[in-house]
Each structure stands twice: as structure tokens, then as C-alpha cells.
Amino acid sequence: MTESKIFLIGVSGPSSSGKSTLARLLRHVLPKSFILHEDDFYKAETEIPVVNGIEDWDCPEAVDFIALRAAIDYIKKNRKLPDNVHYKEDQNNLGTPPVSNDEADEIKRQVLGENSVAENTEFCIVDGFLLFNDDVITKQLDIKFLLRAPYESLKKRREARSGYATIEGFWVDPPGYFENIVWPGYVKAHKHLFEGEDLEGRLAPYALQQDIRTASAIDSHMKDMLKWALEIVAEKVRRLSR
């Protein structure tokens with residue numbers, strides 16, 4: 001019997017770009033799949049950097065990357081989530097999904113037909129806003145998606161959220177948090193992935209060498225994003241399973 005193989009799918013991008021929504025949709029359509037959320041690896045609130053008197057939850061220094069790398073290694077070896085992580089990210093409400101389960105199932109039929117991707121294949125979807133600024137994690141992932149959206153759309157979505165569950169409680173953005181903390185942090189951590197450091201432009205050679213994929217249209221509808229991602233997953237699994 002062929003040993004089961006697990007593929008790690010990284011879904012990254014700026015805050016409110018649809019990462020968690022796409023991750024949950026992929027979990028719905030891909031057999032034997034589960035999600036590892038980078039947000040479950042935030043450091044304790046006392047260790048979060050402070051900028052101008054405000055906690056900065058959107059910088060690399062706020063995330064325990066050593067623990068995240070170790071969790072990914074554990075998943076690669078054991079094909080399940082480690083037991084020593086406090087999982088709370090799924091408590092965050094994403095609102096009404098832009099794609100229903102029926103619509104997702106239809107997209108799955110369009111892309112995969114009646115066949116499973118592979119009977120002996122499992123998937124871990126790693127959902128995080130800072131996956132590709134870390135070279136180790138970038139190389140740990142088999143399939144890499146970078147979602148994008150216009151600044152104003154991201155700002156509107158972020159400010160519409162009620163807040164975020166943390167290890168110690170609940171975080172609510174103070175006024176001006178997106179434009180002063182979230183967006184500058186995203187630019188700083190990701191500008192090396194784009195030609196001329198233009199975050200709405202083409203991917204730079206480093207990103208292409210790492211096989212990071214981004215949709216041709218910025219801020220596509222989630223149905224199109226799901227179909228695009230599922231096509232890449234199916235093609236990659238078939239190629240790597242040969």
C-alpha cells in the first residue's frame with residue numbers, strides 16, 4: 001500500500017484579503033484536510049511590540065516563528081496538528097461566506113470531476129499574513145498562494161471587523177490602526193516579493209523561484225479565487241505524486 005502523503009498549502013496576503021475564507025473553502029472541498037492558523041502562534045500580549053503607545057500585532061516580531069516552524073515540521077512527519085498549540089483562531093467570525101457550500105461543491109466538480117485529487121493524499125492549509133517573509137517557512141510549504149486586494153478595500157474590510165480573539169482575551173483595533181500599523185507592516189514584510197517593490201505589480205524573481213502564486217486579477221471574487229487555487233492544487237499534486 002502506498003504511504004499517505006501530506007501537502008502543505010500556504011495561503012498568505014495582507015489582513016482582510018480573504019486568506020481565512022479561502023483556507024476554509026479549501027478545507028471544505030479537499031478531502032482529508034485541516035487548517036493551521038499562523039494567528040495561533042502570536043506571542044503573549046506582554047511580548048507584543050509597542051509602536052507609539054499601541055501594540056503592533058502585525059509585525060514579524062509579534063509571531064513565534066520558531067514554534068510555527070516546529071508545528072509545520074510536526075505536521076509533515078505526523079500528518080496531524082500538534083497537541084501542544086492553543087487553537088483559538090477558528091473562534092473569529094468571518095461573517096457570511098461569499099461562497100456557499102453548494103457553490104464550492106460545484107467548483108470542485110468543475111475542477112476535479114468525480115475523482116478525488118488522490119486517494120492517499122492529505123492536506124494542511126497554513127493560513128497566515130506573514131508566511132513568505134520567513135525563508136524557512138516558505139521552503140516548508142509545497143503550494144504557495146499570495147492573495148492581494150486594493151488598499152481601500154482592505155481598509156474597509158478590516159475596520160468592519162468587530163475584533164480578534166487572542167490567547168489572553170479579545171483585541172479591537174484602535175482608530176487609525178490599519179493605515180498606521182497594519183498596512184505599513186505588510187509593505188515592509190512583502191515588498192521584496194515584487195518587482196520595484198510595487199505591491200500591485202509583478203512578482204520579483206525570488207518569489208517566482210519559490211513558486212509563489214498570485215492571481216492575475218487583484219481582488220478577484222472568492223468563487224474565482226477558489227477555482228484558481230483548486231486548479232493549481234490539483235495540477236501540483238498530480239505532478240508531485242508521479
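Two strands count as paired if DSSP finds at least two bridges between them. Helices (H or I, at least four residues) and strands (E, at least two) are DSSP runs, numbered from the N terminus. This is a predicted model, in which local features need pLDDT of at least 70 and side-chain atom pairs count only at pLDDT 80 or more, while totals for chains, interfaces and linings use all residues. Residues are numbered from 1 along each chain as its sequence is written, and side-chain values use heavy atoms, with hydrogens and water left out.

**Stop 1: the sheet**

Start with the strands. Five of them form an open sheet in the order β2-β5-β1-β6-β9, with parallel pairing. β2 and β9 are the edge strands, and each pairs on one side only. Strands of a sheet pair through backbone hydrogen bonds, either parallel or antiparallel.

Select β1 (5-12) and β5 (121-127). Seven bridges join these parallel strands, β1 and β5. Zoom in on K5: its bridge partner in β5 is T121.

β1 and β6 pair in the parallel sense over four bridges. I9 has I143 of β6 as its bridge partner.

Buried means under 20% relative accessible area, exposed over 50%, partly exposed in between (1.4 Å probe, protein chains only).

**Stop 2: the nonpolar cores**

A nonpolar core is a set of buried Ala, Val, Leu, Ile, Met, Phe, Trp, Tyr and Cys residues joined through side-chain atoms within 4.5 Å. Select L36 and C124. In the largest core, of 42 residues, these two touch the most other members. β1, β2 (33-37), α2 (65-78), β5 and α6 (177-190) each supply at least two residues of this core. Color α6: it gives the most, with six residues. A second, separate core has 31 residues, including L112, F123, F145 and I232.

**Stop 3: the cysteines**

Click C124 again. C124 counts as buried because its relative accessibility is 0%. C59 is also buried, at 8%.

**Stop 4: helix α8**

Select residues 222-240, helix α8. This helix has 19 residues and reaches 26 Å from its first C-alpha to its last, close to the 27 Å expected at 1.5 Å a residue. The expected span is 1.5 Å times one less than the number of residues. Show the buried side chains of α8, among them W228, I232 and V237.

**Stop 5: D134**

Finish at D134, in the loop between β5 and α4 (135-140). Is D134 buried or exposed? D134 is buried, because its relative accessible area is 8%.

Look for polar contacts: pairs of N or O atoms within 3.5 Å; within protein, one must be able to donate a hydrogen and the other to accept it, and residues adjacent in sequence count only if both atoms are side-chain atoms. The side chain of D134 reaches the backbone nitrogen of V136 at 3.2 Å. A polar atom of that D134 side chain also lies 2.9 Å from the backbone nitrogen of I137. Leaving out residues up to four places away in sequence, D134 touches F65 and R69, where contact means heavy atoms within 4.5 Å.
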